[in-house]
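Here is a short briefing on a protein with a ligand. Please look over the sequence and the model before reading on.

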Amino acid sequence: MKLVLGEEFRAEEARYDLRWNCEDCTRFDPEGVRCAHGYPIATHQRAGKRTEDLTFCKEFEAR
Ligand code: SF4
């Protein structure tokens, strides 16, 4: 699912402490900086490049 990273999203992300990045996912391997399932992480990794198009991962599972 793609959303535009706008001011409204940024405000809600902060207000509700939304977790959606790979770093908050049980499948993220912080030592290898990779997804344990082999998915690309660039569009939803917190430390990665953040573009105007935000992509949520359907496999995200909160820690
Ligand atoms: S399952 Fe999705 S959100 Fe979780 S680490 Fe892999 S790519 Fe990131």
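The points below cover the fold, the helix, the loops and the ligand shell.

This is a predicted model, in which local features need pLDDT of at least 70, side-chain atom pairs count only at pLDDT 80 or more, and totals for chains, interfaces and linings use all residues. Residues are numbered from 1 along each chain as its sequence is written.

**Overall fold**

- Helices (H or I, at least four residues) and strands (E, at least two) are DSSP runs, numbered from the N terminus.
- Along the sequence, the pattern reads β-α-β-β-β.
- Of the 63 residues in the protein, 10% are buried. A residue is buried if 20 or more other C-beta atoms lie within 10 Å of its own, exposed if 12 or fewer, and partly exposed in between, with C-beta atoms placed from the backbone.
- Take the contacts between residues at least 6 apart in sequence: 48% of them join residues at least 24 apart. Contact means that the C-beta atoms of two residues, placed from the backbone, lie within 7 Å.

**Helix H1 and Asp17**

- Helix H1 spans residues 7–15 and lies largely in the open, because the number buried among its nine residues is zero.
- Phi of Asp17 is near 50 degrees, a positive value in a residue other than glycine.
- Asp17 is exposed, because 7 other C-beta atoms lie within 10 Å.

- Val33 sits in the loop between E2 and E3. Its phi is also positive, near 50 degrees, and Val33 is not glycine.
- Val33 is partly exposed, with 13 other C-beta atoms within 10 Å.
- Pro40 belongs to the loop between strand E3 (34–35) and strand E4 (53–55).
- Pro40 is partly exposed, with 13 other C-beta atoms within 10 Å.
- From C-alpha to C-alpha, Pro40 and Cys57 are 9.7 Å apart in space, and they are 17 residues apart in sequence.

**Ligand shell**

- Which residues are around the ligand? They are Cys22, Cys25, Arg27, Phe28, Cys35, His37, Tyr39, Ile41, His44, Cys57, Glu59 and Phe60. A residue counts as near a molecule or strand if its C-beta atom, placed from the backbone, lies within 6 Å of it.
- By class, this shell holds eight nonpolar, two polar and two charged residues. Ala, Val, Leu, Ile, Met, Phe, Trp, Tyr, Cys and Pro count as nonpolar, Asp, Glu, Lys and Arg as charged, and the others, Gly among them, as polar.
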